[in-house]
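Subject: Structure for your files

Hello,

Here is the structure I said I would pass on. My notes follow below it.

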Amino acid sequence: MSVLIVGSTALDSIKTPDAVNPRLLGGSASYASVAASFFAPVKMVGVVGEDFPKPYLQLYRKHKIDLEGLQIVAGKTFHWAGEYEVNMNNRRTLETELGVFESFTPHLPKAYQDSQFVLLANIAPSLQHHVLEQMRRPKFVVADTMDLWLNIALPDLLKLLRRVDGFVLNESEAQQLTQEHNLIRAAKKIHRLGPKYVIVKKGEHGAILSTRENLFVAPAFPLDRVVDPTGAGDCFVGGMMGYLSTAKGSIDANLRKAMVYGSVVASFCCEGFGLKSLTRTTRVAIDRRMKILETLIRF
Ligand code: AMP
């Protein structure tokens, strides 16, 4: 089983208190696709400009990411710049240059249209919707988002939510969307908007899964040094979808373990700038951390 992932494909310039790294490989689809690739074959949909560095295409290929759905067009690749404070939970966006994203329409190659597991990673909800329109009968569709879309594209996002199985968002976005501070109540309100599975990401404090019947709390893997948390949320959901697509049995039976896998993959992402640390890891190292995390939470 493969995973179809649509989202942003970007050049990221990241500033932390310790270093500045310009034009790294970034974007929600890049992070999520590399994360998912440790578990399953990935088909990626996105757009880059002619300035997109060749070694970044090679990196996708190294992870066996199918690039038939990646458009390479005239113009500049989407560029995002962000700066972290000493407390890395605080980040501000310095610059967003849409470039080729401004006129992007995702087209699904024929071979992608039957995909069973679909991750609509962070990108404008109208584009996420456009991808869904081209799918035949996906088994499990999850959408991610960001505060920007709550601010400027809420009607599109609400329309999308009626069509997805799962919705992933962070704590402050859940609060903004529902006007509820309490996350359990916020999740209940989000169920009423459509999604059966609501996953609220809480950064270094893990993630909560809410279904109509149950709750689950997935821990984050504790790290004593975070180099760059950019893309950790994308890696979480990418890893989760990658594992789910290969696990035997129902979504309900596998989703909790899938979230813990997502946490572990995200932890590797945080240990280096951009995708540097994650691309160096292996499935064996991921499984080793799964075992450690299991012992940390058993009681
Ligand atoms: P995260 O740290 O999970 O919020 O994800 C960071 C990634 O989101 C970076 O690689 C950015 O390139 C990407 N990103 C930033 N702004 C946007 C946007 N408006 N649309 C899509 N992706 C974005």
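Three secondary-structure elements, β2 (10-15), α4 (147-152) and α8 (232-246), each supply at least two residues of the shell around the ligand. Please keep in mind that this is a predicted model.

The ligand site

The ligand has 17 residues around it, and of these S8, D12, G27, R91 and G231 come nearest. By type, the shell divides into 7 nonpolar, 7 polar and 3 charged residues.

For D234, an N or O atom of the side chain is 3.0 Å from a ligand oxygen atom. The protein buries 87% of the 510 Å² that the ligand exposes when taken alone.

Aromatic residues

The count of aromatic pairs comes to 9. F52 and Y60 form a stacked pair, with 6.1 Å from centre to centre and 15° between the planes. F52 counts as buried because its relative accessibility is 5%, under the 20% cut-off. Y60, at 0% relative accessibility, also counts as buried.

One aromatic cluster is formed by F39, Y243 and Y261. There is also a charge over a ring: R289 lies over the face of F268, at 4.0 Å from the ring centre.

Regards

Technical notes
Residues numbered from 1 in each chain as written. Predicted model: local features only at pLDDT ≥ 70, side-chain atom pairs only at ≥ 80, totals over all residues. Heavy atoms only, no water. Near = heavy atom within 4 Å. Polar contact = N/O pair within 3.5 Å; in protein donor to acceptor, adjacent residues only side chain to side chain. Areas by Shrake-Rupley, 256 points an atom, 1.4 Å probe, with all protein chains shown as cover. Helix = DSSP H or I, 4+ residues; strand = E, 2+ residues; numbered from the N terminus. Nonpolar A, V, L, I, M, F, W, Y, C, P; charged D, E, K, R; others polar. Phe/Tyr/Trp six-rings, centres within 6.5 Å; stacked < 30°, edge-to-face > 60°. Buried < 20%, exposed > 50% of the residue type's maximum accessible area, 1.4 Å probe, protein only. Lys NZ or Arg CZ within 6 Å of the ring centre and 35° of its normal.
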